[in-house]
Amino acid sequence: MADADLVELAKRRGFFFGSNGAYGGTAGFYTFGPQGAALKRNVEDAWRDRFTLQEGNREIEAPTVMPEAVFEASGHLDTFDDMLVECAECGSSHRADHLVEAVTDIEDAEALPGEEVEELIADNDIACPTCGAELAGLDVEDFNLMFATDIGPGDGQPGYLRPETAQGIFVEFPRLKEYARGNLPFGITQIGPAYRNEISPRGGLLRLREFTQAELEQFIDPEADEPPLDRVRDVDVRLYPATEQQAEDGDYLDTTIGEAVEEGVIGSPWVGYYLGVAQEWYERIGVDTNRFRFRQHLAGERAHYAADCWDAESEVDGDWIEIAGFAYRGDYDLSKHDAYGDDSFTVFKRYDEPKTVERATVDPDMSVLGPEFGGDAAAVAEALETLAGRDPDAFEGDTVTVEVDGSGGDDAREVAVDAEVANFSVETVTENGEHITPHVVEPSFGVGRTVQTLLAHAYETDEVDGEERTYLSLAPEVAPRDAAVFPLVTNDDRLVALADRVAADLRAAGLAVAHDDSGSIGRRYRRQDEVGTPFCVTVDRDGIEGDGPETVTVRERDSAAQIRVPVDDLAEELAGLRAGGSFDDLLDRYETVETDVETE
RNA sequence: GCACCGUUGGUCCAGUGGUAGGACAUUAGCUUCCCAAGCUAAUAGCCCGGGUUCAAUUCCCGGACGGUGCACCA
């Protein structure tokens, strides 16, 4: 498949094209045309069915603009911020932090302020890797991959377009856990746009500035929850583990999900489970499994939040592209929002049996501490409390000594407090459970890249009756149209009228149907072939003459084989085919139409 | 961001210092009982800005967009 051919077809037939052409175009933005939008929506519906409905998860829809504080917490403000230095000699741009890391012991230069990196470049005489010119004295510029905006009028409140849909789920966790009635595990999904101000958008739909993600955040109790691995234990997968990627003669590991998890190739059973679910889903929507693999991230390429990560990759035009990521994010996101935000990002985990524990507490008599220590009284009380938890024996004497930082910048000092004033006691309390921070498993899908993959994998050419033909072998579930309806010829009003009626009936039955009576029948078949319409319904005279019920012919796209089906059965049969039914079954049940057409 | 190359009807291309031509597609009509058939007609284009010139789609400069490589990034 030549990529240029697919791009040409995509433009000509209305799958996708660069946006804003009338104004010169805008790099990184694509508009889905009528066919592409339908295909994309069907992919989203199939994803929703599998990852939301079949898993018993819940879908939400969060805003695309979020305030700066969210991204301070999530880490995107720092880690999506690249430090670039542009060589004055040759004009090439380089990651300033990477240059510094290469020649110093500093491991995380990204965290340093820009001025400091500039100094380090000068102090270490760092030269341009491209041309060798000195880089000292040049500005280090921040380039943040997030789109910035203002919320509200004037200077407003700084905000950003979300770089991933996930944060919209994480920030609402305190409420979402209520909807799950506090029970782990539960999963929240979201399908929607995300934005990254890419330095250099490339490759059609592959790297866009606005793109659609379908994400599932699976919240689990890492101690207790296990995935229903049996459901996908026997699913065959092609894995490309990190060890194989780094080996000289590294090879794929063809195995099953069950084995891969048992042998520890896939570290997390949860990640393994979703790899299995994804494998089945990709097959269902028409990804060519011979051009598909799961690749483990190398240690160095993992995102800032990911503990272990696998990508789903498809081969498109000779390149492997990432179409989904499966990350074990641990408690990174919820902990950060718990620390930065106001609400509690934990769930209460009830013990099987309430626990009775002895807890050392103090109840300091503030009417004594207040007059005695003035402004330091609160600090003294807090120190007593800490000490009680750490060393209850300290309260056995007449006085207790604790260390407090003096107010007004005084040095730390030791103070003695009457044990009686501290009011130390050991209480017996019943604990029914504890607050835990759930861990997150995140399958995150790129919808546009999936669409691109489906088109690339479905693009076929063959010969029909000696004429070359291009067609898209899209799965009926995702094809933009379910069927097309034609009168075989237009010089017979009966055929035209019945075709109109059949099309209307099929639409009323919920099918997406094209109607076309322009040009020869062969031309109309080819039009539908090119947009991947799986079935063409043709009304001919044989179907309306004679005594029996009205019939029409149904042509299957890939084989061009035809059967004759009663009009009354048509909607039901087409719906069955869309739901995954096999055309071969219909070939058995209905009369085959001889067409003399040969495909090869 | 850098370098090189490119940008002409819907699509793919040809061409020119005096504003353009083909193929396919599309539309209408004729024809037509199963795979891009035929006939007739019609619609439709020089990426944007500036410069040189009597005149620029063509030459020059800049920009936008696209492709490739580098860099960067999911």
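Helices (H or I, at least four residues) and strands (E, at least two) are taken as DSSP runs and numbered from the N terminus. The model is predicted: local features need pLDDT of at least 70, side-chain atom pairs count only at pLDDT 80 or more, and totals for chains, interfaces and linings use all residues. Residues are numbered from 1 along each chain as its sequence is written, and side-chain values use heavy atoms, with hydrogens and water left out.

Asn20 is placed in the loop between β1 (16-18) and β2 (30-32). Although Asn20 is not a glycine, its phi is positive, at about 65°. Asn20 counts as partly exposed because its relative accessibility is 44%; buried means under 20% relative accessible area, exposed over 50%, and partly exposed in between (1.4 Å probe, protein chains only). A positive phi, about 55°, is also found at Asp317, which is not a glycine either. The loop between β15 and β16 (319-330) holds Asp317, and this residue is partly exposed because its relative accessible area is 36%.

Nine strands make up an open sheet of mixed pairing, in the order β3-β10-β11-β21-β16-β15-β14-β12-β13. At its edges are β3 (58-59) and β13 (253-256), each of which pairs on one side only. Two strands are said to pair if DSSP finds at least two bridges between them. Strands of a sheet pair through backbone hydrogen bonds, either parallel or antiparallel. Strands β14 (residues 292-296) and β15 (residues 308-316) run antiparallel and are joined by five bridges. Opposite Phe294 stands Ala312 in β15.

In the loop between α8 (173-179) and β10 lies Pro185. The peptide bond from Leu184 to Pro185 is cis, with omega near -10°. Gly204 is found in the loop between β10 (186-195) and β11 (210-220), and it counts as partly exposed because its relative accessibility is 26%. Gly204 and Gln452 are 248 residues apart in sequence, and their C-alpha atoms are 8.8 Å apart in space.

Glu116, Glu119, Asp123, Asp125 and Glu134 form a negative surface patch. Glu116 counts as partly exposed because its relative accessibility is 37%.

Key. Chains are lettered from A and ligands numbered from 1 in the order in which they are written. Patches are made of residues with over 30% relative accessible area and no salt bridge: like charges are joined within 9 Å, nonpolar side chains (Val, Leu, Ile, Met, Phe, Trp, Tyr) within 5 Å. Accessible areas come from the Shrake-Rupley method with a 1.4 Å probe; for residues, only the protein chains shown count as cover. A salt bridge is a side-chain nitrogen of Lys or Arg within 4 Å of a carboxyl oxygen of Asp or Glu. Lys and Arg count as positive and Asp and Glu as negative; His and the chain ends are not counted. The place of a charge is taken as NZ of Lys, CZ of Arg, CG of Asp or CD of Glu.
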